[in-house]
Amino acid sequence: MKTDQQQQSLDWLDSPSLPFKPVLQTAASDNELAQFIHPVKIGSVTLPNNLILAPMAGVTDGSFRLLCARLGVGFTVSELASAKAISMRSRQSINLVRFQAQARPYAAQLFGADIDNMVTAAQIIEELQVCDIIDINMGCPVPKVVKTGAGSALMNTPELAGLIVSAVKAAVKVPVTVKCRIGWSKNSIYVKDFVKRMVDSGADAVTVHARTRQAGYTGPAEWQYLEGISEICGNVPFFANGDISQPNHIRELHQLTGCSGYMIGRGCLGQPWLFAELLGHHLFSDPHTRYLIFRHHLLDMLMEIGPKAVPLFRVHLFNYLKGHANAARARHLLSEERDPHRIFATGKALFYNETLPGIV
Ligand SMILES: Cc1cc2nc3c(=O)[nH]c(=O)nc-3n(C[C@H](O)[C@H](O)[C@H](O)COP(=O)(O)O)c2cc1C
């Protein structure tokens with residue numbers, strides 16, 4: 001028998017248009033991770049818990065952020081958006097960072113290396129009231145971004161990075177946070193000096209992805225370089241990031257770094273119920289509930305953006321398919337699929353462990 005509160009936690013599965021209610025954000029009282037998962041304050045904004053959905057371009061659109069918030073995550077961040085484009089009031093870029101069904105608290109992430117553009121973009125998004133926090137990207141390794149001096153390139157120009165933080169801070173009332181890496185390459189790991197400068201420049205929180213720019217997204221995250229950062233941050237929250245996907249990772253990172261929270265990226269792809277599980281809400285393990293989550297995900301995208309949702313959902317579909325016996329075949333068969341009903345049928349077969357449609 002489910003309690004009333006548990007039933008409320010699941011209502012949205014049958015009615016995807018129900019507004020977001022933060023019912024799962026509090027950890028279960030018998031949660032094995034209770035001592036590590038707790039609310040945390042970023043400036044004036046209180047996160048109900050310290051599990052954070054990592055920004056992921058092409059993945060953490062509004063529908064995925066809403067889904068993870070419904071499943072308990074304490075804080076979400078937009079995909080990175082160009083400060084230059086926002087400062088020119090590009091509708092497409094502003095759309096990228098707007099709230100989705102009021103799943104809050106939420107940060108919009110900006111990238112750029114021009115102080116004026118960063119300030120103007122931050123002022124525009126504050127004025128439009130599309131987010132609670134502004135995050136500055138100092139970790140993106142993509143050449144198109146790096147060659148403009150933005151993203152992880154800012155770690156090589158710490159003075160400019162500090163000036164951007166202090167200028168944006170002075171221009172807006174919402175908290176301003178920074179997301180960076182441990183350094184540029186294995187021979188230049190200088191995250192501690194960099195974080196100190198960010199905190200001295202006024203950053204309200206710092207997240208560190210425990211890989212270098214050179215490593216990109218490959219190889220294991222090097223958590224050892226996160227040791228000592230909490231001490232540098234003092235009262236400013238420090239969030240650890242990189243390869244977190246299991247309860248023991250939370251425990252280990254806490255012991256190693258004393259971090260204030262945990263940012264999770266690829267670990268939740270294809271299994272957004274990971275957040276509920278880490279919070280000790282074991283409500284989402286049966287195949288039918290998982291299928292309803294999958295269905296909600298695509299339905300919400302269809303409600304938001306119409307038929308274009310189907311090709312955009314493909315990245316998620318392939319993540320949900322991972323580990324399934326016929327995943328490779330299904331990926332091939334569905335790579336051009338435009339009919340949402342075929343995707344729903346595939347999802348159902350996937351979660352009920354039946355033969356996927358079209359596969360003999
Ligand atoms: C597909 C993809 C897109 C990403 N896009 C962004 C982004 O827009 N902004 C950002 O700060 N980090 C971005 N990241 C980095 C993640 O936020 C995170 O730092 C990284 O994946 C390490 O965490 P993980 O090991 O838990 O995945 C991206 C990562 C991936 C895999």
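The domain assignment of this protein gives domain 1, residues 23–278, and domain 2, residues 287–351, with the bounds coming from an automatic or database domain assignment. Please keep in mind that this is a predicted model, in which local features need pLDDT of at least 70 and side-chain atom pairs count only at pLDDT 80 or more, while totals for chains, interfaces and linings use all residues. Residues are numbered from 1 along each chain as its sequence is written.

The C-alpha centres of the two domains lie 28 Å apart, and the contact between them takes 10 residues from domain 1 and 11 residues from domain 2, where two residues are in contact if their C-beta atoms, placed from the backbone, lie within 7 Å. On the side of domain 1 that touches domain 2 there are 6 nonpolar, 4 polar and no charged residues; here Ala, Val, Leu, Ile, Met, Phe, Trp, Tyr, Cys and Pro count as nonpolar, Asp, Glu, Lys and Arg as charged, and the others, Gly among them, as polar.

Let me turn to the core. The largest nonpolar core has 113 residues, and those with the most contacts inside it are Ile52, Leu110, Ile134, Val206, Val208, Tyr262 and Phe275. By nonpolar core I mean a set of buried Ala, Val, Leu, Ile, Met, Phe, Trp, Tyr and Cys residues joined through C-beta atoms within 7 Å, and a residue is buried if 20 or more other C-beta atoms lie within 10 Å of its own, exposed if 12 or fewer, and partly exposed in between, with C-beta atoms placed from the backbone. The largest share of this core, 6 residues, comes from α13, and the core draws at least three residues from each of domain 1 and domain 2. Leaving aside residues up to four places away in sequence, Ile52 touches Val73, Gly74, Phe75, Phe239, Gly261, Tyr262, Met263 and Ile264.

Next, two helices; helices (H or I, at least four residues) and strands (E, at least two) are DSSP runs, numbered from the N terminus. Helix α12, residues 287–305, has 19 residues and reaches 27 Å from its first C-alpha to its last, close to the 27 Å expected at 1.5 Å a residue, the expected span being 1.5 Å times one less than the number of residues. Among the buried residues of α12 are Leu292, Ile293, Phe294 and His296, and its buried residues pack against α1 (4–14), α2 (62–70), α13 (309–321) and α15 (340–351). Just after α12, Gly306 takes a positive phi of about 75 degrees.

Helix α5, residues 115–127, has Asn117, Met118, Val119, Ala121, Ala122 and Ile125 buried, and these pack against α3 (83–87), β5 (106–111), β6 (133–138) and α7 (158–171).

As for the ligand, 24 residues surround it, and the closest are Ala54, Met56, Leu80, Gly265 and Arg266; a residue counts as near if its C-beta atom, placed from the backbone, lies within 6 Å. This shell divides into 11 nonpolar, 9 polar and 4 charged residues.

Finally, the backbone. Most residues other than glycine have a negative phi, and most peptide bonds are trans. The peptide bond from Arg104 to Pro105 is cis, with omega near 0 degrees, and Pro105 lies in the loop between α4 (91–96) and β5. Arg89, in the loop between α3 and α4, has a positive phi near 55 degrees. Is Arg89 buried or exposed? Arg89 is exposed, because 12 other C-beta atoms lie within 10 Å.
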